[in-house]
Amino acid sequence: MRENALPAPFSLVAFDRVDSTNDEAKRLAQAGAPPFTVVWAKSQDQGRGRLGRKWDSVPGNLYCSVLVDPGADLALAPQLSFVAAIAVADTLAELVPAAAIAVKWPNDVLADGAKICGMLLEWGGPLIVLGVGINVAAHPVPALYPATSLARLGSGAQPFDVLAAFSDHFGHWVERWKREGFSPIRAAWTARAAGLGQPGHVRLADGTTLDGKLYGLDAEGALLLDTPGGERRRIVAGDVFFAS
Ligand code: BTN
């Protein structure tokens with residue numbers, strides 16, 4: 001384990017290799033680590049994605065998890081993934097200014113239409129664990145969605161550079177979220193959202209699929225989908241696919 005530096009309020013705990021930075025962050029939270037502890041690893045043996053999927057975690061990409069205090073109202077905690085998505089989008093817009101950066105519900109970030117980042121929000125005792133994976137040097141063979149990396153987009157940034165820039169933007173947006181609530185987050189997310197007003201479909205966690213037009217986010221961060229039958233459905237978990 002190595003300790004490097006990130007600006008306050010973050011404190012970095014760095015590893016060459018862990019099982020999953022989310023698991024390590026949970027262990028640290030249970031041992032009393034404070035909010036804004038950041039676990040960073042160069043590779044993960046058991047990187048996890050959403051909905052029980054595996055997250056390829058070869059050296060060269062960014063794998064990190066941040067402990068965040070959810071505040072008094074735990075029902076608001078899922079909003080944090082939108083806070084983080086905007087922070088990642090700002091980071092990538094800075095690193096690859098020529099690329100079109102967009103956010104995609106629930107918590108992906110796209111560059112030129114391909115997935116470059118995924119996030120996994122979990123509970124770690126009293127704190128939330130926000131796991132962020134960004135494709136820096138390489139991207140996995142596309143499975144569900146097309147994928148890309150910073151290197152492919154022409155950036156020479158290294159994982160720690162990306163982490164430092166992300167921490168900066170995340171600190172800013174978390175502070176805004178705590179001070180002003182979800183409204184500015186929802187507005188910033190919506191301004192960057194891919195596919196709003198466009199036809200697509202959502203594959204729900206139980207495997208069923210819903211067609212419709214993506215309307216946007218509700219006040220809790222659920223996706224609103226207008227179905228062909230004229231119903232507005234509220235979706236809390238699933239995968240979005242755009243019509244090609
Ligand atoms: C997804 O898109 O399915 C979410 C991927 C989240 C991956 C990150 S990498 C750092 C952290 N540790 C994990 O095991 N997963 C998250």
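**Notebook: helix packing and a strand pair**

I began with helices α2 and α3, whose crossing is right-handed. I kept in mind that this is a predicted model.

Next I looked up the geometry of that pair. Helix α2 covers residues 80-95 and helix α3 covers residues 159-180; they pack at an angle of about 135°, and their axes lie 8 Å apart. Angles over 145 degrees would count as roughly antiparallel, and α2 and α3 are therefore oblique to each other.

Then I went through the side of each helix that touches the other. From α2 I noted Leu80, Val83, Ala84, Ile86, Ala87, Val88, Asp90, Thr91, Glu94 and Leu95; from α3 they meet Val162, Ala165, Phe166, His169, Phe170, Trp173, Val174 and Trp177. Sorted by class, this contact of α2 with α3 holds 14 nonpolar, 2 polar and 2 charged residues.

I followed the chain on to helix α4, residues 183-192. Its axis and that of α3 come within 8 Å and cross at roughly 130°, which makes α3 oblique to α4. Here Trp173, Arg176, Trp177 and Glu180 of α3 make the contact with Ser183, Pro184, Ile185 and Ala188 of α4. I sorted the residues of this contact of α3 with α4 too: 5 are nonpolar, 1 is polar and 2 are charged.

Last, I turned to the strands. Which way do β1 and β2 pair, parallel or antiparallel? Strand β1 (residues 11-18) and strand β2 (residues 37-44) pair in the parallel sense, over 7 bridges. Between them the chain runs through helix α1, residues 21-30, and I noted this β-α-β crossover as right-handed. I also found arginine 17 standing opposite serine 43 in β2.

Terms used
Residues are numbered from 1 along each chain as its sequence is written. This is a predicted model: local features need pLDDT of at least 70, side-chain atom pairs count only at pLDDT 80 or more; totals for chains, interfaces and linings use all residues. Side-chain values use heavy atoms; hydrogens and water are left out. Two strands pair if DSSP finds at least two bridges between them. Helices (H or I, at least four residues) and strands (E, at least two) are DSSP runs, numbered from the N terminus. A crossover is right-handed if, with the strands pointing away from the viewer, the path from the first strand over the helix to the second runs clockwise. Axes are lines fitted to C-alpha atoms, for helices over the stretch in contact, and angles run from 0 to 180 degrees between N-to-C directions. Angles under 35 degrees count as roughly parallel, over 145 as roughly antiparallel, 65 to 115 as roughly perpendicular and the rest as oblique. A crossing is left-handed if the near helix is turned anticlockwise from the far one by less than a right angle, and right-handed if clockwise. Contact means heavy atoms within 4.5 Å. Ala, Val, Leu, Ile, Met, Phe, Trp, Tyr, Cys and Pro count as nonpolar, Asp, Glu, Lys and Arg as charged, and the others, Gly among them, as polar.
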